[in-house]
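I opened this entry to record what I looked up in the structure. I begin with the chain as a whole and then turn to a single residue.

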Amino acid sequence: MTQSLTIRQPDDWHLHLRDGDMLRAVLPETARHFGRAIIMPNLVPPVVTPADAAAYRDRILAAKPLNNKFQPLMTLYLTEETEAKSVRAAAEIGLISAVKLYPAGATTNSASGVKDFDKVTRVLETMAVLGLPLCVHGEVTDPDVDIFDREAVFIDTVLDPLRRRIPNLRVVMEHITTKDGVDYVKEQPEGQMGATITTHHLIIDRNHILVGGIKPHYYCLPVAKRATHRSALVAAATSGNPRFFLGTDSAPHTDANKESACGCAGCFTATNTLSCLAEVFEREGALDKLEGFTSRHGPAFYKLPVNETTVTLVKGDPVTYPARIDTGEGPVTVFDPGFPLHWRVQD
């Protein structure tokens with residue numbers, strides 16, 4: 001049986017770092033194992049201009065551990081006021097790697113998102129010419145649509161019409177949670193359409209959140225769905241299909257904000273993601289596919305080289321991770337997969 005596995009250093013193609021004390025506390029958890037990450041722009045206020053992105057990148061770099069080579073890949077938050085010329089300028093100097101689309105009200109700090117897609121057509125057309133990816137939070141926000149159906153409805157009413165209207169636009173459907181999402185992405189041309197899958201959506205379904213009492217640290221958006229959908233995600237991640245790659249959506253919130261009457265959405269998985277993924281892939285007899293999912297498919301989609309360095313995972317006695325990390329804002333609970341983790345990254 002495999003007891004050791006060496007892979008190219010992974011990247012995280014969907015990451016929340018927040019800012020200030022929280023940024024300084026959580027960044028080392030990602031930088032310890034990951035070479036690069038697509039950084040989400042939904043701060044307060046959001047990262048909407050090239051100047052915002054440059055300033056945020058500088059704060060991230062200043063928070064890196066000493067001698068660490070982690071590279072933040074910046075994004076702009078798409079609003080109805082975003083100017084195509086600003087996006088072009090930021091892309092042409094290599095400041096940004098993507099633009100992020102939040103339907104207004106879809107998730108944490110998304111109030112500035114898009115309601116009228118006609119108002120962003122020029123930006124999207126410019127991105128298609130540039131080959132600059134659009135990262136989409138794939139849910140509708142219509143209150144009449146059940147929360148468990150919002151991804152499927154988004155595909156039918158927003159994403160597919162958008163792709164038909166601007167077929168050369170390169171799109172990443174982020175943190176997919178349904179078989180509908182998996183099937184749709186499989187049908188699209190490789191290199192034009194990709195999807196990220198999170199660590200936690202490979203492990204939990206909605207029963208984990210609700211059965212035996214509400215588990216606030218499993219609550220996330222998009223919310224975890226039925227076990228059948230989770231199975232489809234696992235099959236996609238472990239298939240070797242290059243359209244699917246890792247985006248943890250690791251999203252730190254303090255325990256006080258998670259364990260409240262209106263708990264924040266997000267799972268903090270940066271600390272133990274590689275251990276969790278190795279367990280999932282081993283269970284599927286797919287350890288040979290782990291490097292593709294974590295380290296190769298994402299760079300290929302973003303037209304970047306794979307990382308030159310490697311990491312080695314070894315299997316042994318169960319690994320102990322801290323239950324939470326301390327930040328200047330309060331403790332943040334580390335995702336608990338609910339089963340022992342025998343794989344760890346070798347120092």
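I looked up the surface first: the chain exposes about 14,300 Å², and carbon and sulfur atoms supply 49% of that area. I note here that the model is a predicted one.

I then checked the overall dimensions. The C-alpha trace spans about 55 × 45 × 40 Å along its principal axes. The radius of gyration is 19 Å, which agrees with the value near 20 Å that a compact globule of 347 residues would have.

Of the 347 residues in the chain, 57% are buried. Among contacts with a separation of 6 or more, 75% are between residues 24 or more positions apart.

For secondary structure I recorded 11 helices and 13 strands.

I also looked up the charges. The chain carries 36 positive and 42 negative charges, and their mean positions lie 3 Å apart.

I then turned to Arg36. I located Arg36 in strand E3, which covers residues 36-39. Is Arg36 buried or exposed? Its relative accessibility is 6%, and the cut-off for buried is under 20%, so Arg36 counts as buried.

Which side chain makes a polar contact with the side chain of Arg36? I found that of Asn307, at 3.5 Å.

I finally listed the surroundings of Arg36, leaving aside neighbours within four places in sequence. Arg36 is in contact with Pro10, Asp11 and Asp12, with Phe70, Gln71 and Leu73, and with Pro299, Leu304, Pro305, Val306 and Asn307.

Note on methods. Residues are numbered from 1 along each chain as its sequence is written. This is a predicted model: local features need pLDDT of at least 70, side-chain atom pairs count only at pLDDT 80 or more; totals for chains, interfaces and linings use all residues. Side-chain values use heavy atoms; hydrogens and water are left out. Helices (H or I, at least four residues) and strands (E, at least two) are DSSP runs, numbered from the N terminus. Buried means under 20% relative accessible area, exposed over 50%, partly exposed in between (1.4 Å probe, protein chains only). A polar contact is a pair of N or O atoms within 3.5 Å; within protein, one must be able to donate a hydrogen and the other to accept it, and residues adjacent in sequence count only if both atoms are side-chain atoms. Contact means heavy atoms within 4.5 Å. The radius of gyration is taken over C-alpha atoms; the globule rule is 2.2 Å times the number of residues to the power 0.38. Accessible areas come from the Shrake-Rupley method with a 1.4 Å probe; for residues, only the protein chains shown count as cover. Lys and Arg count as positive and Asp and Glu as negative; His and the chain ends are not counted. The place of a charge is taken as NZ of Lys, CZ of Arg, CG of Asp or CD of Glu.
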